[in-house]
Amino acid sequence: METDSSLSRSMGNAKKHYSSLFSLPSYKKSLLYVSVICIVGASFTAYTLDNFFSLALGILFFVGTMFADLVVSRVILRDDLIFNLRRTSAVSLVGWLIWLVFMVLGTVLGLIFDSILWAKFVLLGFAASLTLRSLVIMATSESGVWRQVIAVLLQPVLCMIALLGFWVGLSSGFSVRFLPFIILAPVISFVAVYLFLGTIDRLGKPQGMTAMPLFKAFLLNWTTDLNAPLEKHLEAMGENADIDITLLKFDAAKPQAAIIVPQVHPGPFKNIGSSLLPSMLKSRFEEEIGCTACTPLGILGHELDLASQAQNHRIVNEVLSSAKFSALSASASPFVRVTDGVATASCQIFGDMVFLSFSLAPKTTEDLPQELGRLVSEEAKKYGLKHTMVVNAHNCLDVVVDTNEHVEELERVALKCLEQATQLLRKPFRVGAATVFPKEFTLKQGMGTGGITAIVIEVEKQKTAYIIIDGNNMVPHLREKILAALTSGDFAQSEVFTTDTHAVSALSTGSQGYHPVGEVIAHDVLIRYIKEAADKAVADLEDAKAGCVEFVVPKVRVIGEKQLEAITTLVDKAIGQAKKTAPVIFGVEGLLFILLVLLL
């Protein structure tokens, strides 16, 4: 059996790059930094040439920049979702940092050699700042070309007008001498940036994709959480798939609990595609059906990420319409666990259905091949079991991912577990369920909005706690701590699951782009909440019946394994191409600017 290891690697690389995007200072901080750079830094460098007008020049730089940022964000790019006042001022801040470096260098060399060097280095700084500004705005803005051009030029041109006035005060010949460079610099910058972005944009054409529109859509999601532009691309590039869904429901006097397993991977990241599906499905089900619900991960990988929120709603609506049935099976087997090597299978039978889960903890338990689910389903039918719900506990993430090496162990434990469970007598059972929502745990810390759900099954004197955490995997040995804490209570058996929600992904910096449960969340606090949920579930125990339905949602739009791998690989290719072409294109541009300055 093959897993989607190459796809997982490319997804991991994409999330890593996504999460490495830097955070920006607030508008007030940007304004403060720009004022210091202009009024203190730029004024000081100009002081060596004219100690009377240098302060005025710095003030004009600051006022011109502040005015330009307001006009760009409120007028020129007013319909652009990325360039609000904060981000526009951040672009100007970075431009000024570059410009100041050239000013300082020009001042030092001017004092040693000739004061004209300060002016020439100021021009080089103007060109460098202009190139950066062109690159940022042209690569990210969705506005028209002419709006982009004006947005690029306004702040640097206003500052150059102030400089020209300053130079006129020094020598009337300065302005005429430097004017050709000031006119040519924007043209050269635009050409260089156009060539650079063009080399990246062409990378995806063999796969029918263009890199820059995808990049802009990614950036919109990062900066504004807007998911529609990116999902529009995913819908267009996706493919249709029939989605299998299994719903196990426990009824008492009223619906008591439900376990829902759609064969959908909750990714690819953040609020894109099906990343929010686990918490969305739980919330809507509880609201409409009136019982505690949970959504552990099925046996699948990124090949079944949904393309958009519209597809999420299709899944949710189909589940809700299929949930209005009465549970009739009044007997259950005790909980059974079998271990072989590092592979563990746990299962429990309810009437004519079996609920079986896999774990490799304390080794990495990542996405598992779909063949495992089919194997369990076929074996269950041999024992007369009509319905099968197979889930990936997804409850340990270590640095080593070697799922392929343990597939045979997983197969063996599944078969042994089924065999043992079918030999046990099935007896009346009770069910209780509860969810807690820890307020101090956030998405950035690895906890989804679905919180912590506990479903407790009691067969005779055996209490089993199923703990479902809305997160993307767990740190090593946390599962064992949780099981030990539950065992020391009133539970004979337990298992811990995560939903694998990718709503927590691409929110934090780091090699993974997310925090597995327990990486930054305090273990003792987490375990306290888990015990609280389990205790509430015990207090809610009632005689219950189980029922299961399996159904298919046809022609759901998924991103697809090939398409998703192509997209995520394109991210790496684009970064690699940028590293290769940037030194060449901008190196030549820099040499051209230096040549022009030398000719002045």
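Biologist: Which residue in S3 does Ala-257 stand opposite?

Modeller: Its counterpart in S3 is Thr-292. Before we go on, this is a predicted model: local features need pLDDT of at least 70, side-chain atom pairs count only at pLDDT 80 or more, and totals for chains, interfaces and linings use all residues. Residues are numbered from 1 along each chain as its sequence is written, and side-chain values use heavy atoms, with hydrogens and water left out.

Biologist: How many helices and strands are there in the chain?

Modeller: The chain has 16 helices and 12 strands. Both kinds are DSSP runs numbered from the N terminus: helices are H or I runs of at least four residues, and strands are E runs of at least two.

Biologist: What makes S2 and S3 a pair?

Modeller: Two strands pair if DSSP finds at least two bridges between them. Three bridges join S2 to S3, so they qualify as a pair, and they run parallel.

Biologist: And in which sense do S1 and S2 pair?

Modeller: S1 and S2 are antiparallel, with seven bridges between them. A hairpin of three residues leads from S1 to S2, and Asp-251 has Pro-255 in S2 as its bridge partner.

Biologist: Which strands form the open sheet, and in what order?

Modeller: Eight strands form it, in the order S3-S2-S1-S12-S8-S9-S10-S11, with mixed pairing. On average, neighbouring strands of this sheet are turned by 20° against each other, direction ignored. Such angles run from 0 to 180 degrees between N-to-C directions, and the axes are lines fitted to C-alpha atoms, for helices over the stretch in contact.

Biologist: Why are some strands of this sheet called edge strands, and which are they?

Modeller: They are strand S3 (292-294) and strand S11 (493-498), and each pairs on one side only. Further in, strand S9 (residues 452-459) and strand S10 (residues 462-469) pair in the antiparallel sense over eight bridges; there, Val-459 stands opposite Gln-462 in S10.

Biologist: Which strands does helix H11 touch?

Modeller: Helix H11 (residues 309-322) packs on the sheet and touches S1, S2 and strand S12 (542-558), its direction making about 145° with that of S12. Touching, or contact, means heavy atoms within 4.5 Å. Helix H10 (residues 277-289) lies across several strands, including strand S2 (255-262), and runs at about 150° to S2.

Biologist: How do you know that S2 is mostly covered?

Modeller: Seven of its eight residues are buried. Buried means under 20% relative accessible area, exposed means over 50%, and partly exposed is in between, using a 1.4 Å probe and protein chains only.

Biologist: Is Thr-364 buried or exposed, and why?

Modeller: Its relative accessible area is 0%, which is under the limit, so Thr-364 is called buried. Thr-364 is placed in the loop between strand S6 (353-359) and helix H12 (370-382). Leaving out residues up to four places away in sequence, Thr-364 touches Cys-396, Leu-397, Asp-398, Val-400, Val-401 and Thr-403.

Biologist: Why is Thr-498 called buried?

Modeller: Thr-498, in strand S11, has 0% relative accessibility, so it falls under the cut-off. A polar atom of its side chain lies 2.6 Å from the backbone oxygen of His-394, and one lies 3.2 Å from the backbone nitrogen of Asn-473.

Biologist: What makes a set of residues a nonpolar core?

Modeller: The members are buried Ala, Val, Leu, Ile, Met, Phe, Trp, Tyr and Cys residues joined through side-chain atoms within 4.5 Å. The largest core here has 80 residues, and Phe-61, Trp-96 and Trp-99 are among those touching the most other members. Helix H5 (residues 116-140) gives the largest share of this core, 13 residues. A second, separate core has 30 residues, including Ala-454 and Val-456.

Methods: A polar contact is a pair of N or O atoms within 3.5 Å; within protein, one must be able to donate a hydrogen and the other to accept it, and residues adjacent in sequence count only if both atoms are side-chain atoms.
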